[in-house]
Amino acid sequence: MSTNGHAAGGKSFLFDAAFSPEIKQKHVFQQSIKPLVEACLKGYNATVLAYGQTGSGKTFTILGPSPDSILAEGNDTGVIPRAIRDLFNRLETTRKKCQLEQDVDFQKKKGEKPFEYEVRVQFLELYGEDVRDLLNISSGAKLVIRDGGGGVEPEVIGASEVKVHSAEEALLCLMRGTLRRVTGATAMNSESSRSHAIMTVIVEQTTVVRPGSGNSVTSDGSSNGKGKRSGLSSVKISGNTEIESKRSKFHFVDLAGSERQKRSQSKGQRLREGIDINKGLLVLGNVISALGDTKKRGKSFVPYRDSKLTRLLKGSLGGNHKTLMIACVSPSSANLAETLNCLRYANRAKNIQNNAIINLDAGSKLVAVLRTQGQSCDGRSTRFSLDTLKMLAKG
């Protein structure tokens, strides 16, 4: 992976990539976001996090120039619409490949589809310290964050998950939620986001594999030879077929911009919103510092629970996610101080070590071990291993 050193005010910073203001959104997606879409469909969790001062282009990068542009395909289309379209294209490609590779008569006899998928979306807003459901704003129910056990990410109790059948349906949910998000005018940004927003895309895939077919098709569109499979969350054996299932999720996070009251000239409600925004970003910075300090890693307390934002992003920061932070900075010399703060913030985040793994449950791990043993033995032992698998699946 190429790295570039960037100097600002006598300081230098090292990042994975840097994009000039002239770079098109398509290039940003192809280089930085597309690999995460591929990883998500293989069974990994993924996160894209946009951070920067108010007016630096976070929402433009994530969504596009306006809510109306979400449904359009153009040069300025944001990374979320591009990622959602790419995701559905890959899923449909996988479905067609599975249909072609599976025996048609076998499908009719069993009455099973070789590949099925389900996509659901969730869109949350953190306004102050309140969690709001942007896809079901009229419910009026108070949303509560419940922390999971070891290795389980926190979840929002009562938040809706909308099942979508196409990229267009998912983008309509995104547009409706964006229009409901709280925005307001300040001296630095006429359409400043006054809340943090997290859109989550949940993908569940089921593949029916006929033993002896030799190949299975992964959801990134590639084939695994010799029956190799990736990203399993569960395996069930029924008769002469194996049903493989995997579940992953993709967080898209648009953080409200940090701001200084002296420059934003906010008053009243806008001032209170700015204070809440800065509080949340301060806690996020403390979490990043605790995780990114190589000397204190694993020894210092990580204050996830100091903010609802950091509680929801626990998996993305130091957890089971492949996470990308997009640091948006202003090219204006008048914003040099805020730019340096943003670069320091991102530089600390780069030192965080996540532990992203393909989501496997205990049963799938056992299946993988026994399948490997069966492939390394003779025919008799292989049959014994497969019979053992069937017994384990039933029991």
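Select P331 to begin: it counts as exposed because its relative accessibility is 76% (exposed means over 50% relative accessible area, buried under 20%, and partly exposed in between, with a 1.4 Å probe and protein chains only). This is a predicted model, in which local features need pLDDT of at least 70 and side-chain atom pairs count only at pLDDT 80 or more, while totals for chains, interfaces and linings use all residues. Residues are numbered from 1 along each chain as its sequence is written, and side-chain values use heavy atoms, with hydrogens and water left out.

P331 sits in the loop between β16 (322–328) and α9 (336–350); helices (H or I, at least four residues) and strands (E, at least two) are DSSP runs numbered from the N terminus.

**Whole chain**

Zoom out to the protein, which has 11 helices and 16 strands. Of its 395 residues, 46% are buried. Taking contacts (heavy atoms within 4.5 Å) between residues at least 6 apart in sequence, 70% join residues at least 24 apart.

**The cores**

Next, select I80, L87 and F250. These residues have the most contacts inside the largest nonpolar core, which has 41 residues; a nonpolar core is a set of buried Ala, Val, Leu, Ile, Met, Phe, Trp, Tyr and Cys residues joined through side-chain atoms within 4.5 Å. Elements giving two or more residues to this core include α1 (25–41), β3 (46–52), α3 (79–101), β4 (115–127), β15 (241–254) and β16. The largest share, 8 residues, comes from α3. Centre on I80 and show its surroundings: I80 touches I62, L63, L174, M199 and F252, leaving aside residues up to four places away in sequence. A second, separate core of 30 residues includes V156, L312, L313 and A349. In soluble globular proteins, nonpolar side chains tend to be buried together.

Select C98 and then C173. C98 counts as buried because its relative accessibility is 5%, and C173 counts as buried because its value is 3%. A search of the whole structure finds 0 disulfides (pairs of cysteine sulfur atoms within 2.5 Å).

**The second largest pocket**

Now select E153, P154, E155, R247 and K249, which lie nearest the centre of the second largest pocket among its 21 lining residues. On a 1 Å grid over the protein atoms alone, a pocket is an open set of points with protein on both sides within 12 Å along at least five of seven lines, and lining residues have an atom within 4 Å of a point. The volume of this pocket is about 560 Å³, that is, the space filled by probe spheres set on the points, which are joined across faces, edges and corners. β15 gives the most to the lining, with 4 residues.

Stay on K249, in strand β15. At 18% relative accessibility, K249 counts as buried. Its contacts, not counting residues up to four places away in sequence, are C40, Y44, N45, A46, E153, T200, V201, I202 and H321.

**Last stop**

Finish at N355, in the loop between α9 and α10 (362–376). N355 counts as exposed, with 53% relative accessibility. N355 touches G319 and N320, residues up to four places away in sequence being left out.

Conventions:
1 Å grid on protein atoms, 1.4 Å probe; cavity = no way out; pocket = protein on both sides within 12 Å on 5 of 7 lines; lining within 4 Å.
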